[in-house]
Amino acid sequence: MNSGSRREFRAVRIHGGDGSTRISVDELTDDDLPWGDVEVDVLYSDLNFKDGKVMEAGSSLPQCFPIVPGIDFVGTVTRSSSPLFAVGDGVVANGFGLGTDRDGGLTQRTRVPGTFLLALPSRLDHRRAAAIGTAGYTAGLAVEAILDAGVRPSNGPVLVTGAGGGVGTLAIAVLAQAGFDVVASTGRADQLRDSLLRLGACEIIDRLPAEAGDGLATPSWSAVVDSVGSTTLASALAATRYGGVVAAVGLAQGIDLPATVLPFILRGVSLVGIDSVYASEYRRRRAWDRLANVDHELLDSITSVVGLEDAARVSQDVVAGRVHGRVVVDVHK
(Lines give C-alpha, C1' and ligand atoms only; values in the text may rest on other atoms or scores of the structure.)
Protein backbone atom coordinates (compact mmCIF):
# COMPACT_ATOMS: atom_id res chain seq x y z
CA MET A 1 0.00 0.00 0.00
CA ASN A 2 1.37 3.41 -0.96
CA SER A 3 1.70 5.50 2.17
CA GLY A 4 1.83 8.84 0.37
CA SER A 5 3.94 11.56 1.99
CA ARG A 6 7.03 10.46 3.91
CA ARG A 7 6.16 11.17 7.52
CA GLU A 8 8.87 10.92 10.14
CA PHE A 9 8.51 8.99 13.38
CA ARG A 10 10.59 7.41 16.15
CA ALA A 11 11.03 3.72 16.94
CA VAL A 12 13.18 1.44 19.04
CA ARG A 13 15.38 -0.71 16.81
CA ILE A 14 17.66 -3.66 17.45
CA HIS A 15 20.76 -3.66 15.24
CA GLY A 16 22.72 -6.88 14.85
CA GLY A 17 25.98 -8.04 13.36
CA ASP A 18 29.17 -9.91 14.25
CA GLY A 19 27.35 -11.84 16.96
CA SER A 20 26.36 -8.77 18.95
CA THR A 21 23.32 -6.50 19.16
CA ARG A 22 22.79 -2.82 19.81
CA ILE A 23 19.50 -1.08 20.68
CA SER A 24 18.74 2.53 19.82
CA VAL A 25 15.80 4.88 19.31
CA ASP A 26 15.94 5.84 15.63
CA GLU A 27 14.31 8.45 13.44
CA LEU A 28 12.47 6.67 10.61
CA THR A 29 10.19 7.59 7.72
CA ASP A 30 7.26 5.90 6.00
CA ASP A 31 9.78 4.30 3.65
CA ASP A 32 10.79 2.13 6.63
CA LEU A 33 7.29 0.83 7.34
CA PRO A 34 6.75 -2.94 7.02
CA TRP A 35 4.29 -4.48 4.56
CA GLY A 36 0.55 -4.59 5.20
CA ASP A 37 -2.77 -3.08 4.16
CA VAL A 38 -3.48 -1.07 7.34
CA GLU A 39 -1.37 1.81 8.67
CA VAL A 40 -1.62 2.64 12.35
CA ASP A 41 -0.55 5.55 14.50
CA VAL A 42 0.65 3.67 17.55
CA LEU A 43 -0.22 5.22 20.90
CA TYR A 44 1.03 2.58 23.32
CA SER A 45 2.89 -0.68 23.49
CA ASP A 46 3.92 -2.56 26.64
CA LEU A 47 6.65 -4.79 28.02
CA ASN A 48 6.18 -8.52 28.37
CA PHE A 49 8.63 -11.26 29.36
CA LYS A 50 9.12 -12.10 25.69
CA ASP A 51 9.94 -8.47 24.89
CA GLY A 52 12.71 -8.64 27.45
CA LYS A 53 14.07 -11.85 25.95
CA VAL A 54 14.03 -10.29 22.48
CA MET A 55 15.98 -7.27 23.74
CA GLU A 56 18.55 -9.24 25.72
CA ALA A 57 22.11 -8.76 24.54
CA GLY A 58 22.84 -11.26 21.80
CA SER A 59 19.26 -12.61 21.71
CA SER A 60 18.59 -15.25 19.08
CA LEU A 61 14.88 -14.39 18.86
CA PRO A 62 14.97 -11.60 16.24
CA GLN A 63 14.83 -13.17 12.80
CA CYS A 64 16.26 -10.17 10.96
CA PHE A 65 18.12 -6.92 11.62
CA PRO A 66 17.47 -4.12 12.08
CA ILE A 67 14.10 -4.86 13.66
CA VAL A 68 11.62 -2.90 15.77
CA PRO A 69 10.84 -4.96 18.90
CA GLY A 70 7.50 -5.04 20.68
CA ILE A 71 5.16 -8.02 20.44
CA ASP A 72 2.00 -5.91 20.54
CA PHE A 73 0.60 -2.39 20.18
CA VAL A 74 -2.53 -0.30 20.52
CA GLY A 75 -3.34 2.58 18.19
CA THR A 76 -5.58 4.27 15.63
CA VAL A 77 -5.94 3.42 11.93
CA THR A 78 -4.73 6.22 9.64
CA ARG A 79 -4.87 4.46 6.26
CA SER A 80 -6.53 1.23 5.18
CA SER A 81 -7.14 -0.77 2.03
CA SER A 82 -8.47 -3.65 4.14
CA PRO A 83 -12.23 -4.26 4.28
CA LEU A 84 -11.81 -5.03 7.98
CA PHE A 85 -10.85 -1.56 9.25
CA ALA A 86 -11.45 2.09 8.42
CA VAL A 87 -9.60 5.30 9.20
CA GLY A 88 -10.17 6.29 12.82
CA ASP A 89 -10.74 2.76 14.16
CA GLY A 90 -9.04 1.93 17.45
CA VAL A 91 -7.15 -1.34 17.17
CA VAL A 92 -5.04 -3.79 19.18
CA ALA A 93 -2.48 -6.26 17.84
CA ASN A 94 -0.85 -9.22 19.56
CA GLY A 95 1.51 -11.86 18.19
CA PHE A 96 1.82 -12.85 14.51
CA GLY A 97 5.59 -12.47 14.74
CA LEU A 98 5.50 -8.82 15.74
CA GLY A 99 8.85 -7.83 17.18
CA THR A 100 10.54 -11.11 16.23
CA ASP A 101 9.82 -11.92 12.57
CA ARG A 102 8.81 -8.41 11.49
CA ASP A 103 8.78 -4.90 12.94
CA GLY A 104 6.76 -4.70 16.13
CA GLY A 105 5.02 -2.22 18.36
CA LEU A 106 7.73 -0.08 19.99
CA THR A 107 7.23 2.59 17.38
CA GLN A 108 5.07 5.63 16.72
CA ARG A 109 3.84 4.28 13.37
CA THR A 110 3.49 0.89 11.76
CA ARG A 111 1.81 -1.02 8.95
CA VAL A 112 0.33 -4.53 9.28
CA PRO A 113 -2.13 -6.85 7.54
CA GLY A 114 -5.66 -6.21 8.73
CA THR A 115 -5.92 -9.85 9.84
CA PHE A 116 -3.38 -9.09 12.61
CA LEU A 117 -5.73 -6.57 14.22
CA LEU A 118 -8.75 -6.61 16.48
CA ALA A 119 -11.07 -3.70 17.15
CA LEU A 120 -10.31 -2.00 20.45
CA PRO A 121 -12.94 -3.25 22.93
CA SER A 122 -15.46 -0.48 23.59
CA ARG A 123 -15.03 -0.76 27.36
CA LEU A 124 -11.28 -0.10 27.18
CA ASP A 125 -9.32 3.01 26.33
CA HIS A 126 -6.00 2.72 24.50
CA ARG A 127 -3.77 2.92 27.58
CA ARG A 128 -5.68 0.30 29.55
CA ALA A 129 -5.70 -2.03 26.54
CA ALA A 130 -1.92 -1.66 26.42
CA ALA A 131 -1.73 -2.35 30.15
CA ILE A 132 -3.50 -5.64 29.52
CA GLY A 133 -1.25 -6.29 26.53
CA THR A 134 -0.03 -9.70 25.48
CA ALA A 135 0.45 -10.83 29.09
CA GLY A 136 -3.18 -10.15 29.94
CA TYR A 137 -4.41 -11.47 26.61
CA THR A 138 -2.49 -14.70 27.26
CA ALA A 139 -4.04 -14.92 30.73
CA GLY A 140 -7.45 -14.46 29.10
CA LEU A 141 -6.77 -17.32 26.69
CA ALA A 142 -5.75 -19.53 29.61
CA VAL A 143 -8.93 -18.78 31.56
CA GLU A 144 -11.05 -19.48 28.48
CA ALA A 145 -9.26 -22.84 28.07
CA ILE A 146 -9.97 -23.75 31.70
CA LEU A 147 -13.65 -22.87 31.34
CA ASP A 148 -13.90 -24.70 28.01
CA ALA A 149 -12.62 -27.83 29.77
CA GLY A 150 -15.58 -27.65 32.14
CA VAL A 151 -13.80 -26.43 35.28
CA ARG A 152 -16.04 -24.22 37.40
CA PRO A 153 -15.55 -22.34 40.70
CA SER A 154 -17.38 -25.12 42.56
CA ASN A 155 -14.64 -27.59 41.56
CA GLY A 156 -12.09 -25.99 43.87
CA PRO A 157 -9.25 -23.47 43.92
CA VAL A 158 -7.15 -22.49 40.92
CA LEU A 159 -3.39 -22.04 41.24
CA VAL A 160 -1.56 -19.22 39.46
CA THR A 161 2.23 -19.58 39.35
CA GLY A 162 4.54 -16.68 38.65
CA ALA A 163 1.84 -14.59 40.26
CA GLY A 164 3.89 -11.40 40.47
CA GLY A 165 4.47 -11.17 36.71
CA GLY A 166 2.30 -9.75 33.97
CA VAL A 167 0.46 -12.96 33.07
CA GLY A 168 0.07 -13.92 36.72
CA THR A 169 -1.39 -10.64 37.91
CA LEU A 170 -3.97 -10.48 35.13
CA ALA A 171 -4.81 -14.18 35.50
CA ILE A 172 -5.59 -13.61 39.19
CA ALA A 173 -7.88 -10.68 38.37
CA VAL A 174 -9.73 -12.50 35.58
CA LEU A 175 -10.14 -15.74 37.54
CA ALA A 176 -11.36 -13.92 40.65
CA GLN A 177 -13.84 -11.97 38.54
CA ALA A 178 -15.11 -15.31 37.16
CA GLY A 179 -15.77 -16.47 40.72
CA PHE A 180 -12.79 -18.76 41.33
CA ASP A 181 -10.84 -19.01 44.57
CA VAL A 182 -7.33 -18.16 43.43
CA VAL A 183 -4.12 -19.30 45.11
CA ALA A 184 -1.16 -17.17 44.03
CA SER A 185 2.33 -18.69 44.00
CA THR A 186 5.32 -16.33 43.95
CA GLY A 187 8.85 -16.06 45.23
CA ARG A 188 8.02 -12.54 46.41
CA ALA A 189 5.15 -13.44 48.71
CA ASP A 190 6.12 -11.06 51.53
CA GLN A 191 6.64 -8.16 49.13
CA LEU A 192 3.53 -8.67 46.99
CA ARG A 193 0.99 -10.10 49.43
CA ASP A 194 -1.19 -7.00 49.75
CA SER A 195 -1.21 -6.30 46.01
CA LEU A 196 -2.08 -9.90 45.08
CA LEU A 197 -4.88 -9.98 47.63
CA ARG A 198 -6.29 -6.75 46.15
CA LEU A 199 -6.23 -8.37 42.72
CA GLY A 200 -8.46 -11.14 44.05
CA ALA A 201 -6.19 -13.91 45.35
CA CYS A 202 -7.55 -15.63 48.45
CA GLU A 203 -4.23 -17.18 49.45
CA ILE A 204 -0.56 -16.42 48.77
CA ILE A 205 2.03 -19.22 48.82
CA ASP A 206 5.73 -19.49 48.06
CA ARG A 207 7.16 -21.01 44.89
CA LEU A 208 6.28 -24.67 44.44
CA PRO A 209 9.02 -27.10 45.47
CA ALA A 210 10.46 -29.44 42.86
CA GLU A 211 8.27 -32.55 42.95
CA ALA A 212 10.17 -35.73 43.72
CA GLY A 213 9.12 -39.34 44.14
CA ASP A 214 6.40 -40.91 42.03
CA GLY A 215 5.17 -37.74 40.34
CA LEU A 216 1.98 -37.39 42.36
CA ALA A 217 1.24 -35.10 45.29
CA THR A 218 -1.79 -34.31 47.42
CA PRO A 219 -4.49 -33.18 44.98
CA SER A 220 -5.03 -29.48 45.61
CA TRP A 221 -5.99 -27.53 42.46
CA SER A 222 -8.92 -27.83 40.09
CA ALA A 223 -6.89 -25.90 37.51
CA VAL A 224 -3.59 -24.12 37.10
CA VAL A 225 -2.33 -21.17 35.05
CA ASP A 226 1.44 -21.69 34.81
CA SER A 227 3.81 -19.13 33.32
CA VAL A 228 6.94 -20.72 34.79
CA GLY A 229 7.50 -24.16 33.26
CA SER A 230 10.20 -26.64 34.35
CA THR A 231 9.93 -28.12 37.87
CA THR A 232 7.18 -25.67 38.81
CA LEU A 233 4.92 -26.96 36.05
CA ALA A 234 5.79 -30.55 37.01
CA SER A 235 4.85 -29.85 40.63
CA ALA A 236 1.60 -28.18 39.59
CA LEU A 237 0.65 -31.20 37.48
CA ALA A 238 1.41 -33.55 40.37
CA ALA A 239 -0.93 -31.65 42.69
CA THR A 240 -3.84 -31.14 40.28
CA ARG A 241 -7.12 -32.80 41.21
CA TYR A 242 -8.87 -35.52 39.25
CA GLY A 243 -10.08 -34.18 35.91
CA GLY A 244 -8.28 -30.88 36.40
CA VAL A 245 -6.69 -28.69 33.75
CA VAL A 246 -3.25 -27.11 33.67
CA ALA A 247 -2.80 -24.24 31.18
CA ALA A 248 0.87 -23.79 30.27
CA VAL A 249 1.61 -20.27 29.06
CA GLY A 250 5.29 -19.55 29.72
CA LEU A 251 8.84 -20.61 30.51
CA ALA A 252 10.24 -18.17 33.06
CA GLN A 253 11.97 -21.02 34.91
CA GLY A 254 12.85 -23.15 31.90
CA ILE A 255 11.63 -25.08 28.87
CA ASP A 256 12.12 -28.52 30.43
CA LEU A 257 9.32 -30.55 32.00
CA PRO A 258 10.67 -33.16 34.47
CA ALA A 259 7.31 -34.85 35.07
CA THR A 260 5.75 -38.33 34.84
CA VAL A 261 2.64 -39.49 33.01
CA LEU A 262 0.90 -40.42 36.27
CA PRO A 263 -1.17 -37.22 36.65
CA PHE A 264 -2.56 -37.88 33.17
CA ILE A 265 -3.30 -41.60 33.42
CA LEU A 266 -4.31 -41.85 37.09
CA ARG A 267 -6.11 -38.52 37.60
CA GLY A 268 -7.20 -37.63 34.08
CA VAL A 269 -5.37 -34.30 34.28
CA SER A 270 -5.16 -32.32 31.04
CA LEU A 271 -2.17 -30.18 30.06
CA VAL A 272 -3.28 -27.45 27.65
CA GLY A 273 -0.81 -25.31 25.73
CA ILE A 274 -1.70 -21.64 25.33
CA ASP A 275 -0.40 -20.03 22.14
CA SER A 276 -0.94 -16.29 22.03
CA VAL A 277 0.89 -15.74 18.73
CA TYR A 278 -1.38 -17.42 16.18
CA ALA A 279 -4.63 -17.88 18.08
CA SER A 280 -7.73 -17.70 15.90
CA GLU A 281 -9.74 -14.51 15.63
CA TYR A 282 -12.58 -16.20 17.52
CA ARG A 283 -10.33 -17.10 20.47
CA ARG A 284 -8.69 -13.67 20.47
CA ARG A 285 -12.07 -11.92 20.56
CA ARG A 286 -13.33 -14.12 23.40
CA ALA A 287 -10.24 -13.42 25.47
CA TRP A 288 -10.37 -9.67 24.89
CA ASP A 289 -14.10 -9.53 25.61
CA ARG A 290 -13.42 -11.11 29.00
CA LEU A 291 -10.44 -8.85 29.68
CA ALA A 292 -12.42 -5.71 28.92
CA ASN A 293 -14.40 -6.36 32.10
CA VAL A 294 -11.37 -6.34 34.40
CA ASP A 295 -11.71 -3.75 37.17
CA HIS A 296 -10.11 -0.62 35.72
CA GLU A 297 -8.98 0.75 39.07
CA LEU A 298 -7.24 -2.53 39.87
CA LEU A 299 -5.58 -2.50 36.46
CA ASP A 300 -4.37 1.07 36.97
CA SER A 301 -2.96 0.14 40.38
CA ILE A 302 -0.53 -2.39 38.86
CA THR A 303 0.43 -0.31 35.81
CA SER A 304 3.47 1.90 35.34
CA VAL A 305 4.35 3.97 32.25
CA VAL A 306 7.71 4.51 30.55
CA GLY A 307 8.82 6.06 27.26
CA LEU A 308 10.62 4.66 24.23
CA GLU A 309 14.04 5.64 25.60
CA ASP A 310 13.54 3.51 28.71
CA ALA A 311 11.89 0.48 27.09
CA ALA A 312 15.01 -1.63 26.53
CA ARG A 313 16.35 -1.07 30.04
CA VAL A 314 13.06 -1.76 31.80
CA SER A 315 12.48 -4.86 29.66
CA GLN A 316 15.46 -6.46 31.41
CA ASP A 317 13.88 -5.72 34.79
CA VAL A 318 10.82 -7.64 33.58
CA VAL A 319 12.96 -10.66 32.66
CA ALA A 320 14.78 -10.51 36.00
CA GLY A 321 11.50 -10.52 37.94
CA ARG A 322 12.03 -7.06 39.36
CA VAL A 323 8.74 -5.73 37.97
CA HIS A 324 5.32 -6.41 39.47
CA GLY A 325 2.31 -5.98 37.25
CA ARG A 326 2.33 -4.25 33.89
CA VAL A 327 4.56 -1.72 32.14
CA VAL A 328 2.99 0.43 29.43
CA VAL A 329 5.22 2.14 26.88
CA ASP A 330 3.91 5.55 25.84
CA VAL A 331 5.61 5.74 22.44
CA HIS A 332 5.21 9.54 22.35
CA LYS A 333 6.73 10.10 25.79
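Predicted model: local features only at pLDDT ≥ 70, side-chain atom pairs only at ≥ 80, totals over all residues.

A: Ala11 has a relative accessibility of 0%, so it counts as buried. Setting aside neighbours within four places in sequence, Ala11 is in contact with Ser24, Val25, Asp26, Leu28, Val68, Leu106, Thr107 and Leu308. Thr169 is 158 residues from Ala11 along the chain, and the C-alpha atoms of the two are separated by 28 Å.

Now to the strand you asked about. Strand S5 is made of residues 90-94, and five of its five residues are buried, so the strand is largely enclosed by the rest of the structure. In a regular strand, side chains alternate between the two faces of the sheet. In S5, Gly90, Val92 and Asn94 point one way, while Val91 and Ala93 point the other way, and all are buried.

Who are the partners of S5? One is strand S4, residues 72-80, which runs antiparallel to S5 and is joined to it by five bridges. Here Asp72 stands opposite Asn94 of S5. Another partner is strand S7, residues 117-119, which pairs with S5 in the antiparallel sense over three bridges. In that pairing, Val91 has Ala119 of S7 as its bridge partner.

Glu144 counts as buried because its relative accessibility is 7%, under the 20% cut-off. Not counting residues up to four places away in sequence, Glu144 touches Arg286, Ala287 and Arg290. The C-alpha atoms of Glu144 and Arg283 are separated by 8.4 Å, although these residues are 139 apart along the chain.

Finally, let's step back to the whole chain. The protein chain has nine helices and 15 strands. Its radius of gyration is 20 Å, close to the 20 Å that the globule rule gives for 333 residues, so the chain is as compact as a globular protein of that length. Along the principal axes, the C-alpha atoms fill a box of roughly 65 × 45 × 35 Å. Of the 333 residues, 56% count as buried. Among contacts with a separation of 6 or more, 72% are between residues 24 or more positions apart.

Note on methods
Residues numbered from 1 in each chain as written. Heavy atoms only, no water. Buried < 20%, exposed > 50% of the residue type's maximum accessible area, 1.4 Å probe, protein only. Contact = heavy atoms within 4.5 Å. Helix = DSSP H or I, 4+ residues; strand = E, 2+ residues; numbered from the N terminus. Pairing = 2+ DSSP bridges. Rg over C-alpha atoms; globule rule 2.2 N^0.38 Å.
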